[in-house]
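Good morning, and thank you for coming. I would like to take you through one structure, one region at a time.

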Amino acid sequence: MTDEKDTVHYEGSEGGWGSVRGIVETFAREGSRPAALDTLRRQNKPGGFMCVSCAYTKPAHPHAFEFCENGAKATLWDLTSRRCTPDFFAEHTVSELKDWKDHDLEQTGRLTHPMRYDHASDRYVPCEWQEAFDAIGAALRAIDPGAAVFYSSGRASLETAYLYALFARLYGHNNLPDSSNMCHETTSVGLKKVIGSPVGTTVLDDFSLCDAIFFFGQNPGTNSPRLLHPLQECVRRGVKIVTFNPVLETGLESFKNPQSPLEMLTPKATQISHLYLQVKAGGDIAAIMGMIKHVFAAEERKWSESKHHVLDVDFIAQHTTGFEAVKAKADATGWDEIEHESGLARADIEEAADVYIAAHRTICIYGMGLTQQVHGFQNLAMLVNLMLMKGNIGRDGTGMSPMRGHSNVQGQRTVGISEKPELVPLDALAEQFGFEPPRDEGLNTVKACEGILSRQVKAFIGLGGNFVRAVPEREQMEAAWPDLQLTVQIATKLNRSHLINGAQAYLLPCLSRTEEDVQASGPQKVTMEDTFSCIHGSVGKASPASPDLLSEPAIVAGIAKATVPPNSKVDWNGWVSDYDRIRDLIEATYPEQFHDFNERVFTPGGFYRGNPARERIWKTESGKAQFTVPTNMNAFGVDDAPGRWRLITMRSNDQFNTTIYGYSDRLRGIEGTRDVLLMNPEDIAAAGLEEGQVVGLASDAGDGVDRQVGGLTVTPFLLPRGCLGSYYPEMNPLIPLWYHDEESKTPAAKSVPVRIVA
C-alpha cells in the first residue's frame, strides 16, 4: 500500500486559515472595489445576492458569513477593478490572444463595450448595441431556424432563461442545449426514468433528520463547500458518512469551520467520512452491487433469526416494480467480479453496507463522478436500487441529492431551456403567446457539436459559458467553428470561446448578478433555483463595471425584437422594463410550481416548487419506482487492455468549471501549475516512469483518431491502480464526442481511455 508521504497531498483540513488566505489573496489580486465587501456580507442571505458559483442553497437562517472560499472568489472575480476595453482589443489581434492561457484571458477584466469581430484586421472593434442586434437579427432571419443553436451556461436567471427559451421557440426551434447536458443530464434523464422526477428529492431540512449519508463521485470541498456546514453538524450528532470516490478529497476527510473561533485557534477539526473507499474510476456499479448483495444476505439472515425485515417490504410491494429481477442479478453476481471491477475489498464494501443497513434514514449525494460515465445511467439506477430497498425515497430525512454546479443550471431547465419538447408545456405557451411552437426534438450539446462538425449548424448564440473550451473534441470543434455564419457570445469576461469566430461574430458584455440592474421601472431583482428545488430572489447592489453594459434580459430581448415578427402578445420592451412581469409570465406557464411568484421571491430559505417523487407519486411509465438490472459491472466505455488507463478529469481548488482563478490546488498539494499527470506511485514505477518526467497522453478509444495532450509532469498521487488524474478543460481534447453516457449523451469525462506517451 502506498504511503501518503510519498505523494503530493495537503496536510491540513478543508476550510480553516487556508480558505481565509485564499479569499484574501484573491481580493488583493483582483484589486476588488470596497463595494465587494458589502456584496460578500449580503451573499446567500435572504433578501440579498445569490452566489454566482455553485447551486447550493441560501438557508433561511444564514451564518454570519454565508459564503465559501470559491463563492468569494467568484464574487471578487466579477467585481475586479480590471477592465477589458476597446483599447485592449485595438492592441491585440485575436490570433495573438489564442496563445494566451485561460487564466490570463479572464485576468484582462470585465468586458465594457459591445464588440464586432473584424476579419480584415483580426481584431474586435467596438459597435453600437442596436447595430449588433440588427446584424444578428438579419443573419438569423437568413437561415433555417433549425440550423441555429441557442446555448446557455447555467448562470442566467430564471427571468433570462424564460425569455431565451421563448425567443428560440418564437424563432422556430428547440435547439436549447445547456451546461446540464455536459454534467448532470444523466440525472435529468435517469431519475426521470426510474422515479419520475428529473431532479433530486431532498431538501435542506432532511440533513437534520438523516442517520447516514453516502457520497458517490462528488467533492464538496471544491464544488459546494457550504455543504460542509450541515455535514459537520450531521457528524456531531452521530450520522455516519460513507464516501465512494477514486480521489481522496480533503473536504470529505476533515473540515475546520472558518466561522468557529475554537476550531480556527486550535488543531481541532471534524472528521467527515466515517469510511472512505477509493473505488476504481468506472467501478461504482460493482461497488453498489456488492452493497446490494450484502443487504440481501442481511435480510435473509435477520428474517431467518427473528422474522424481522431489513428491507422495507411494504414499500417495495406498494411502490416499486422490478425488484425480483435485481435480486436475481445480485444472487448471480460473484464477489470476485465485484472486487475486480470496483477495485475494493469485499470486507470494505460490506462495512459500507452495514452502515446503510443500520440507518433508518439515508441520503445519497452524488456528482459528476457518477454521471459523467458511458454507463452513467446504470450508475445512477443502481444507486436508486439501493435506496429503494429500504424505502429511502419519499420520506423525511432521505432521498437522492445530486449536487448541481452552475448556480441556476437546474432552474433554467425548469422554465423551458430544454431540447426535449415533451418537458415543456408547449400547449400553454401556444395559448399564452398566440403562436405554434416547434414540436420536434432539438439539439443537445453532443448533437449541436455534431451539427457544427458536419456544417449543418449555421449559427450559435452563447448565453454565458465557454462552450468551445468545455466540449469534447476541442481541436476538431475549433477547426469547424469558423465555418459558422454567425457566432454571438454574451459574457462578462473574455475567454477562449470568444476567440473562435464565425463569418459574423459579436461579443456582447452583460451585467453581472452582483451589479445593480436598473430598468424603466427602477432597480430589478432576479431569481434562481437551487439544487434542492427552492427558488430564491437576488438583488445586485454594486455599481456596473461600465455604463455601456446591458442586462441579460435586455440583450435577449434586443436580439429577439430584431429577429422575430411583431406579436401583440409578446411585449419585449414591457418585460425588460419590469422583471415582475416576466415572473408573471412564468407563473402563468407553470401555475402549480410558481403560484404567487412575485409575492414569494424573498421567502427565507426560498420557496419549494415541489417534487412528486418526494410525495411518493411516481410519474414513470409503470406508475411505480423502477428497480433496474444492470447490463455491465463497470461504467467504463471500452474494454480494459494492456497500456490503457482510465483518466479522471478534475477541477482544482482555484477553479470553477472553465474559469481558472489561479494556479493553487491547495487541497491536493499542487501549486503553480496545471500541467500535471497524477499517478499512483506504484503505477509510476510499473510503467517505467519517474516523478517529474514530462509525458503526454493520447486517446485510446479505439476509433483510430489521433488525439493528444502533451507537456504533463508525472506527479505521485493517491489514486486507485490503473487510474490517472488531470485537469479539466485541458484534457478535453482527449475525449471523443461519441464517448458519452448511452442514455443522456453526457460526455464521459470521469473515465477516459488513454495511453501514456513518454
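A word on the basis first. This is a predicted model, in which local features need pLDDT of at least 70 and side-chain atom pairs count only at pLDDT 80 or more, while totals for chains, interfaces and linings use all residues. Residues are numbered from 1 along each chain as its sequence is written, and side-chain values use heavy atoms, with hydrogens and water left out.

Let us begin with the largest pocket. A pocket here is an open set of points on a 1 Å grid over the protein atoms alone, where a 1.4 Å probe fits, with protein on both sides within 12 Å along at least five of seven lines; lining residues have an atom within 4 Å of a point. The largest pocket holds about 1,100 Å³ of space, a volume being the space filled by probe spheres set on the points, which are joined across faces, edges and corners. It is lined by 35 residues, and the closest to its centre are Lys192, Pro198, Leu423, Gln593 and Arg609. Which helix gives the most to this lining? It is α9, with 5 residues. Helices α9 (185-195), α20 (409-414) and α28 (591-594) each supply at least two residues of the lining. Helices are DSSP runs of H or I with at least four residues, strands are runs of E with at least two, and both are numbered from the N terminus. By type, the lining divides into 12 nonpolar, 11 polar and 12 charged residues.

I turn to the strand residue Met528, which lies in β20 (residues 526-529). Met528 is buried, with a relative accessible area of 0%; buried means under 20%, exposed over 50%, and partly exposed in between, with a 1.4 Å probe and protein chains only. Met528 and Arg609, C-alpha to C-alpha, are 12 Å apart in space and 81 residues apart in sequence. Beyond its neighbours within four places in sequence, Met528 is in contact with residues including Met50, Ser157, Asn408 and His536, where contact means heavy atoms within 4.5 Å.

Next, Thr514 is found in the loop between β17 (504-509) and β18 (518-519). Is this residue buried or exposed? Thr514 counts as buried, at 1% relative accessibility. Leaving aside neighbours within four places in sequence, its contacts include Thr75 and Asp78. Both of these belong to the buried residues of α3, a helix (residues 69-78) in which 10 of 10 residues are buried.

Helix α16 (residues 335-342) has the buried residues Trp335, Ile338, Glu341 and Ser342. They lie on the same side of α16, because they cover an arc of only 140 degrees around the axis, taken from the directions from the helix axis to the C-beta atoms. An α-helix has 3.6 residues a turn, so residues three or four places apart point the same way. The buried residues of α16 pack against α13 (284-306), α17 (346-358) and β24 (645-650), while the face turned away carries the exposed residues Asp336 and His340. Just after α16, Gly343 takes a positive phi of about 75 degrees.

Finally, the cysteines. How many disulfides does the structure hold? There are 0, a disulfide being a pair of cysteine sulfur atoms within 2.5 Å. The sulfur of Cys51 is 6.1 Å from the closest cysteine sulfur, in Cys54, and therefore too far for a bond. For Cys183 the closest cysteine sulfur is also in Cys54, at 13 Å, again too far for a bond. Cys51 is buried, at 5% relative accessible area, and Cys183 counts as buried at 13%.

Definitions and conventions. Nonpolar A, V, L, I, M, F, W, Y, C, P; charged D, E, K, R; others polar.
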